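Reader: Please go through this structure with me.

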Amino acid sequence: MKNKIRLGILGGGGDSLIGIVHRIASSMHDSYEIIGGVFNPDFSENLKFAEEIGLKKNRIYEDYEKMINEELKLDENERIQAVSILTPNFLHYPMAKKLLENNFNVICEKPMTTTYGEAKDLEKIYKSRNLTFAVTYTYTGYPMIRQMKEMIKSGEIGDIQRVDLQYYQGWINPIIHDSKKRSETWRLQPDKSGISCCIGDIGTHAFDMLEYVTGMEVEELLSDLNYVYDDNIMDVDGTILIRFSDKIKGVIRASQIATGEENNFTVAIYGKKGGLKWEQQNPNYLYYLSESNPLRILKPGHDYNSNFAKISTKLPPGHPEGMFDSMANIYYGVAREINGTIEFDGEYPSLNDGLRGMMFIEKAVESHKKGNIWVKLN
Ligand SMILES: NC(=O)c1ccc[n+]([C@@H]2O[C@H](COP(=O)([O-])OP(=O)(O)OC[C@H]3O[C@@H](n4cnc5c(N)ncnc54)[C@H](O)[C@@H]3O)[C@@H](O)[C@H]2O)c1
């Protein structure tokens, strides 16, 4: 029987949104075993939750520092090998830093840190180690996104000339218009969330996706953000013009006040020969547009897909897979990296993707605050 990677988890307790996605995703390719961690800052809640999900209490710790110190005392064959960081944003950096310094592989939620400076610091430590570091830009794990990436790479739509990414949610609408609720959510508090709410939370998914599918780096941007109330210092909406060059341009539109929207993330890339469009809420359909053919719809599991899309699908055509599967493909990529069997570019989002994401957030806020001016990303 193959050895599963021993996984620790920080955050992601029973009270969290993203915890269950990581727990299920990590188990989907039979590559990980959850050993322990710190699911909640309150130790009794932490123990209670660990018991609920069937973990032994002896590997549940009061805090991440204790976890690292105690795990280091164990034999290497028993010790946790990789740790997922699923806490509010401000804890990502101190946790990831200490984990890297003590030679643990890291799977970190986005945004990777709360500042670009912190992200650079992590990069420095990472470069001095032989470790794997992933940032869970979840949507890059979808098979039809990977198909889009491969089709763009092989020139099927020709040179890119226009990009349009929209990420619309409405969940913050009832919170932003209520001064009490607005002061309570951690996502609107800079000390917990970083300098941006909407752009940091979902704009960064769109930015990463753009660079992921095109394989190109954005050169400059101009942003116009909306804070809605004068006493609110965190954006909840933004429109960002993007330039890869003076001939390749487009837009990222992100909002948490698009009233009634759920998780409406769409990606559209247009080349000289054709276009590709994908919608997160209908993720098994990739729309292939061209001037010479009627609209074609590509779906997962078929032989016509690229090998990268094919390894990202577990079932035959017509068996829909979704967000859990997409996250599972990222976990699988990390496992293949750790086990030395990785094959494709983009099997998991890297530390560099996390770093670029932090640069994007800071530059988007800077552009807005300086009066909606163009700013360079490098
Ligand atoms: N990849 C995605 O699509 C996606 C989706 C949602 C959230 N996220 C990211 O995941 C992270 C968590 O978001 P969420 O919505 O699940 O947050 P949440 O507030 O719902 O849950 C946070 C969890 O962290 C725990 N926690 C807080 N402080 C802790 C500490 N000191 N030690 C251990 N655990 C602690 C809380 O008890 C809770 O279980 C954020 O960085 C967010 O941006 C990513």
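What follows is a set of questions and answers on helices and on one strand residue.

Author: This is a predicted model, in which local features need pLDDT of at least 70, side-chain atom pairs count only at pLDDT 80 or more, and totals for chains, interfaces and linings use all residues. Residues are numbered from 1 along each chain as its sequence is written.

Reader: Which residues of helix α1 are buried?

Author: A residue is buried if 20 or more other C-beta atoms, placed from the backbone, lie within 10 Å of its own. Helices are DSSP runs (H or I, at least four residues) and strands likewise (E, at least two), numbered from the N terminus. In α1, residues 19-27, the buried ones are Gly-19, His-22, Ala-25 and Ser-26.

Reader: At what angle do the axes of α3 and α4 cross?

Author: Axes are lines fitted to C-alpha atoms, for helices over the stretch in contact, with angles from 0 to 180 degrees between N-to-C directions. Helices α3 (residues 64-72) and α4 (residues 92-101) have axes that come within 10 Å and cross at roughly 10°.

Reader: Is Leu-221 buried or exposed?

Author: Leu-221 is in strand β7, residues 220-226. With 21 other C-beta atoms within 10 Å, Leu-221 is buried.

Definitions and conventions: Buried ≥ 20, exposed ≤ 12 C-beta atoms within 10 Å, placed from the backbone.
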